[in-house]
Amino acid sequence: MSSDLHLVPVSFTDACGFITDHHRHHQPPVGCRFCVGVAHHTTLVGVAIVGRPVARSYDNGHTLEVTRAAPAGPP
């Protein structure tokens, strides 16, 4: 049984646009290290923005944190 979902690269600008379009109560984060999207066939159905940890004690140069995860559709 194969899934029609697959990972796709997403720019920070496109990820921020997806977040503001689908989750009006969330603001995009200030920066990021990379973004990744989930697509169903050719339709983007979710994004994740990964960046530096918010807590200074975890910001050791080796740790990343998912700062936003935004799926499309109902919660």
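A residue counts as buried here when its relative accessible area is under 20%, as exposed when it is over 50%, and as partly exposed in between, with a 1.4 Å probe and protein chains only. By that rule, buried residues make up 25% of the 75 residues in the protein.

What you have open is a predicted model, in which local features need pLDDT of at least 70 and side-chain atom pairs count only at pLDDT 80 or more, while totals for chains, interfaces and linings use all residues. Residues are numbered from 1 along each chain as its sequence is written, and side-chain values use heavy atoms, leaving out hydrogens and water.

**The whole chain**

Followed from the N terminus on, the elements run β-α-β-β-β. The C-alpha atoms fill a box of roughly 40 × 30 × 20 Å, taken along the principal axes.

**Strands β1 and β2**

Next, select strand β1 (residues 5-9) together with β2, which pair in the antiparallel sense over five bridges; two strands are said to pair if DSSP finds at least two bridges between them. Within this pair, H6 stands opposite A39 in β2.

Which residues of β2 belong to its covered face? They are C35, G37 and A39, whereas F34, V36, V38 and H40 make up the uncovered face. In a regular strand the side chains alternate between the two faces of the sheet.

**Across to β3**

G37 has V47 as its bridge partner in β3, and H40 stands opposite T43 in β3. Zoom in on the hairpin of β2 and β3, where two residues lie between the strands and H41 takes a positive phi near 60 degrees.

**On to β4**

Finally, select strand β4 (residues 65-71), which pairs with β3 in the antiparallel sense over six bridges; here V50 stands opposite V66 in β4.

**Contacts across the chain**

With everything shown again, consider contacts, meaning heavy atoms within 4.5 Å. Among those between residues at least 6 apart in sequence, 49% join residues at least 24 apart.

Terms used: Helices (H or I, at least four residues) and strands (E, at least two) are DSSP runs, numbered from the N terminus.
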